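Trainee: Please walk me through one part of this model in detail. I would like to see how it connects to the rest.

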Amino acid sequence: MRSTMKWVALGGAAVTLVAACGTRQAVALKPNDKIKIKADCVAPNQVTLDVDNWVASVDKGGDIDWINNGGNATVTIEPKIAQPNDWPFDNTNNITPTSGAGTKSKVKGNATAKKYRYVIRITCGGTNPQTVVIDPDIIVN
C-alpha cells in the first residue's frame, strides 16, 4: 500500500509537527521497500514536506531504500525511541540520505517482527533553524 502525505509547517523558529496513523494496516511480505522524501525550506518559518510511503513494510534481512527526492532541507532518519531493540537496522547511526540519492538500510536478520516507530527530522539552516519532525512507521515481517 502506498500513501502520500504532504505537509506545510508554519510557525516560529522551531516547528514540531507530529503525525501518527491510528489504524493498523495489513501489509504483504516484501524483501525491500522505498521511502521517498522531499523537503524544502520555502521561506522563513515555512517548510514543505512530501513523504510517499507513510507505512513501509520489509522482511527480516531486507532493505529500506531512503531516497531524498531533492529539496534544500537536511533530512535525517532517527529511531523514535533511542534503544537498540527499537531500531531494526544493522546500522545504529541516524540515516542522512543525500539529496537526489538513495541510502540503503539493511534490516537485521534477527529483528523482531513488529512495527517500529521512527522519525523523519527535517532541518532548515540559517540563523534561526527550523525543525519539522514527523512520525511514520516501518513494519518488519
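Among contacts between residues at least 6 apart in sequence, what percentage join residues at least 24 apart?

Mentor: The percentage is 72%. Keep in mind that this is a predicted model. Before the close look, here is the setting. The chain has ten strands and zero helices. Read along the sequence, the pattern is β-β-β-β-β-β-β-β-β-β. Of the 141 residues in the chain, 41% are buried. The exposed surface comes to about 7,200 Å², and carbon and sulfur atoms supply 50% of that area.

Now the core. The largest nonpolar core has 31 residues. Six of them touch the most other members: I37, W66, I77, I120, I122 and I138. Strand 8 gives the most, with five residues.

Start with I120. Leaving out residues up to four places away in sequence, I120 touches I37, V51, V75, T76, I77, V132, V133, I134 and P136. Two of these partners, I37 and I77, are themselves on the list of residues that touch the most other core members.

Next, the aromatic side chains. Two numbers matter in what follows: an aromatic ring pair is described by the distance of the centres and the angle of the planes. The whole structure contains three aromatic pairs. One of them joins W66 and F89. Their ring centres are 6.2 Å apart, the planes make an angle of 70°, and the pair is edge-to-face. This pair links distant parts of the chain: W66 is in strand 5, while F89 is in the loop between strand 6 and strand 7 (102–106), 23 residues apart. W66 counts as buried because its relative accessibility is 0%. F89 has a relative accessible area of 1%, so F89 is buried as well.

W66 and Y118 form another edge-to-face pair, 5.2 Å centre to centre with 75° between the planes. Since W66 lies in strand 5 and Y118 in strand 8, this pair ties together parts that are 52 residues apart in sequence. Y118 is at 1% relative accessibility, and therefore counts as buried. W66 takes part in both pairs. Together, W66, W87, F89 and Y118 form one aromatic cluster.

Side chains of opposite charge can pair when their charged atoms come close. A search of the whole structure finds six salt bridges. Two of them join strand 8 to strand 10 through D137.

Take R117 first. The side chains of R117 and D137 meet in a salt bridge at 3.1 Å, N to O. R117 is in strand 8 and D137 in strand 10, 20 residues apart. R117 is partly exposed, because its relative accessible area is 35%.

K115 comes next. K115 also forms a salt bridge with D137, and the closest N and O atoms are 4.0 Å apart. The cut-off is within 4 Å. K115 is in strand 8 and D137 in strand 10, 22 residues apart. K115 is at 27% relative accessibility, so K115 counts as partly exposed. D137 is buried, with a relative accessible area of 3%.

K80 and D135 meet through their side chains at 2.6 Å, N to O. K80 is in the loop between strand 6 and strand 7, and D135 in the loop between strand 9 and strand 10, so this pair ties together parts that are 55 residues apart in sequence. K80 counts as partly exposed at 41% relative accessibility. D135 counts as buried at 4%.

Technical notes:
Residues are numbered from 1 along each chain as its sequence is written. This is a predicted model: local features need pLDDT of at least 70, side-chain atom pairs count only at pLDDT 80 or more; totals for chains, interfaces and linings use all residues. Side-chain values use heavy atoms; hydrogens and water are left out. A nonpolar core is a set of buried Ala, Val, Leu, Ile, Met, Phe, Trp, Tyr and Cys residues joined through side-chain atoms within 4.5 Å. Buried means under 20% relative accessible area, exposed over 50%, partly exposed in between (1.4 Å probe, protein chains only). Helices (H or I, at least four residues) and strands (E, at least two) are DSSP runs, numbered from the N terminus. Contact means heavy atoms within 4.5 Å. Accessible areas come from the Shrake-Rupley method with a 1.4 Å probe; for residues, only the protein chains shown count as cover. Rings of Phe, Tyr and Trp (its six-membered ring) pair if their centres lie within 6.5 Å; planes under 30 degrees apart count as stacked, over 60 as edge-to-face and the rest as tilted.
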